[in-house]
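Keep the 3D view open and follow along.

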Amino acid sequence: MIISIVVAAFATITTAHPKLSRPAQHYTRSEEISPSYDYIVIGGGTSGLTVADRLTEVGKSTVLVVEYGYFEKTLQPDDFTLRSGIPPQMIYNITSVGTKKIRVGVGSCVGGSSAVNLMIFMRGTSEDYDLWDNLGEYGGTWSWDSLLPYFKKSATFIPPQDQLAKDFHIDYDVQKSWGLGGGTGPIQASWPSFFYPSTKIMRDAWKYLPGVAFPKDGSEGKAGVIWVPTSIDPKNGTRSYARTGHYERVKNRTNYHLLVGHKATKIEFSKRYGSIKADSVTITSRSDNKTLVKVSARKEIVLAAGAIHSPQVLQRSGVGPRELLASANITLVHEIPGVGQNFHDHSYFPIKYEYQNNTSPNPDMLKTNETFLKWAEELWATNRTGPASAVAPNIIAQLPLPVIAPTTYQFLADSLLTLDPASALPPNTHPTIVAGYGAQLKAMASAIRSNNTSWLQFPLHGKQGTNVNYMHPLSRGSVNINISDPDGEPVVDYRAFTNPVDLKINLALLKAMRNYYASDSVIQQLKPVEIIPGPNVTTDKEMIAWIETNMNPSTFHPVGTCAMLPLEYGGVVGEDLRVHGIEGLSVVDASIMPVIVGATTQSTVYAVAEKAADLIKARSSFIALVTAQQQCWCKGTGPGDIGAITDTVSCCTGDGNFDGYVCKVVAADQPAFKTCCKSRGMECV
């Protein structure tokens, strides 16, 4: 399936509303907003603010963003390097269920998770995105090549300082990976002014392992030991995120409204001639949890609440698994079994090696050396440079299994192919979800054999203790409404290690890291001594038991709960990001990823949102007009080919020629066709 986008003309100018005549700062009370907008965006996080920015940039469409959180103090690099990190009010208070009960880390503030992350700005490999495209048989519309322009559009790349690049061998290819001049996107991708000396040793040690690649640019879609920037504005050393890039930069637009401290509790639908259309959103005040207001969307409702809350909004609105909604006494509007399923995240386990011959300075000195700490604080206070600017690892080992597990990767792939997909899912899982999961496992078996899919992520920032990140977990969990309290927080279940191959791959990752530290390489200059897991954990059985106990199922990168897959594969949205079977409703956040990318998700979410905005604008640009031959055009609701219709019955019944299309009839049929358009809530001129 290939999306065919036909733009007939420019979008119609919406009727002005008195409340839209002033510059849009933000609103805290529902009575301040307008009764209707062209678009309602649910969620003011990474994707929601990006889409809202792009939909309002021409000035003809009105947008309301509904955000549960508030404007919070912007977290800067020094909040992580010199202070305690994330204030609790900036994260939702959700604890997962199941064998691994952890706090679910998603941002609860304007800017969402882009406001609280470590600012690593990286992409997956090209195969990560090609896999999405292949699973859906989309013909290239969601491949690496199709997304690369949106990666470039989302950010501006600023190279590292020349001397720093020379000293630490930082390579990059601006034209290939970022576009002419590094691009002009709102999010700034830059570099700290300081790296620890041990970073070079940890990087060069990988050269001793056969097959490890060192791509020229870490953002060119290749696995290996890569340099990646951080989302920091180099002009002032501050966080560059959705709030600064996609709201504060444009907040004076009169057509861009942001309502904070409110929750979208339900989407309301209408039914005509067998079709379902999303019409309005019911909004509740967070302050009293009672004040309700209904706001209508003239064109589209855009779900951008993230992988934890977007499926919750759908389920609360009557869209989701039939049995779940019945258990919660929610009236079924449209059955989509995959809503809230396919949930997964990156996982990790900790390791620690004591460097008996550590370099100086080193990261631990910020905690152990008062003189070094004072120097770092002074540099940061003076000009936003020095150790405090090095908030995240800018060099990372992103390695494939054939390189780190050359003797076992074929066995791991075969284990996946012979696994019954239903055995790794809950009992009575819907057949479409089982079918989609089976397709995923087949694709991931190929990815295990590939040299361009990253399974191991290991930061090379010079620290003695760090995490080994597992980049493609195979187990699948769920995010569902609490049937006892549908308006409360959802029930989050990671279902970690329910696919037995996960444990086998994690064992391979631990062995790979031990081999790295034991290798006859420059790493021995540091004289590393293993502390965690420790010398008493030696056999496969002992290592597996240790991994089961110490693994954390989340790196705060939840995805997959509104998967972009065909309905017969348990999908929730199609390649146009519209919810299957519903007009006027789309999802644009990390929940649409059918399989998580082998990278931190921030950059990918921006790219998805940029592409989503273009898809939404293209849908909107089908307008009614009269040709020179006085043919009548009816304004459709989505992308498609222009099809001639000489029979009004085709329009009124929506027989497949109409949905999502711009239709036209000859002059003789105009009166009847105008009536047909009007009956479907559309216009014809």
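Asn329 sits in the loop between helix H10 (322-327) and strand E13 (334-335). Helices (H or I, at least four residues) and strands (E, at least two) are DSSP runs, numbered from the N terminus. Asn329 isn't a glycine, yet its phi is positive, about 60 degrees. With a relative accessible area of 73%, Asn329 is exposed. For these labels, buried means under 20% relative accessible area, exposed over 50%, and partly exposed in between (1.4 Å probe, protein chains only).

His169 also has a positive phi, near 55 degrees, and is a residue other than glycine. Look for His169 in the loop between helix H5 (162-168) and helix H6 (174-178). At 42% relative accessibility, His169 is partly exposed.

A word on the ground rules: this is a predicted model, where local features need pLDDT of at least 70, side-chain atom pairs count only at pLDDT 80 or more, and totals for chains, interfaces and linings use all residues. Residues are numbered from 1 along each chain as its sequence is written, and side-chain values use heavy atoms, with hydrogens and water left out.

## The six-stranded sheet

Now find the open sheet of six strands, ordered E5-E15-E16-E17-E14-E20 with antiparallel pairing. Strands E5 (224-227) and E20 (528-532) are at the edges with a single partner strand each, so one side of each has no neighbour in the sheet. Two strands count as paired if DSSP finds at least two bridges between them.

E5 and E15 (residues 395-399) run antiparallel and are joined by four bridges. Ile226 has Ile396 in E15 as its bridge partner.

## A buried methionine

Which residues does Met513 touch, leaving aside its neighbours within four places in sequence? They are Trp206, Ile351, Tyr353, Leu456, Phe458 and Val468, where contact means heavy atoms within 4.5 Å. Met513 belongs to helix H16, and at 1% relative accessibility it counts as buried.

Helix H16 (residues 501-518) lies across strands E14 (347-355), E16 (456-459), E17 (465-470) and E20. The C-alpha atoms of Met513 and Ile404 are separated by 8.7 Å, although these residues are 109 apart along the chain.

Val529 lies in strand E20, and at 33% relative accessibility it is partly exposed.

Ile532 and Pro533 are joined by a cis peptide bond, with omega about 5 degrees. Pro533 is in the loop between E20 and H17. Another cis peptide bond joins Ser360 and Pro361, again with omega about 5 degrees; Pro361 lies in the loop between E14 and helix H11 (365-368).

Note on methods:
Axes fitted to C-alpha atoms, helices over the stretch in contact; angles between N-to-C directions.
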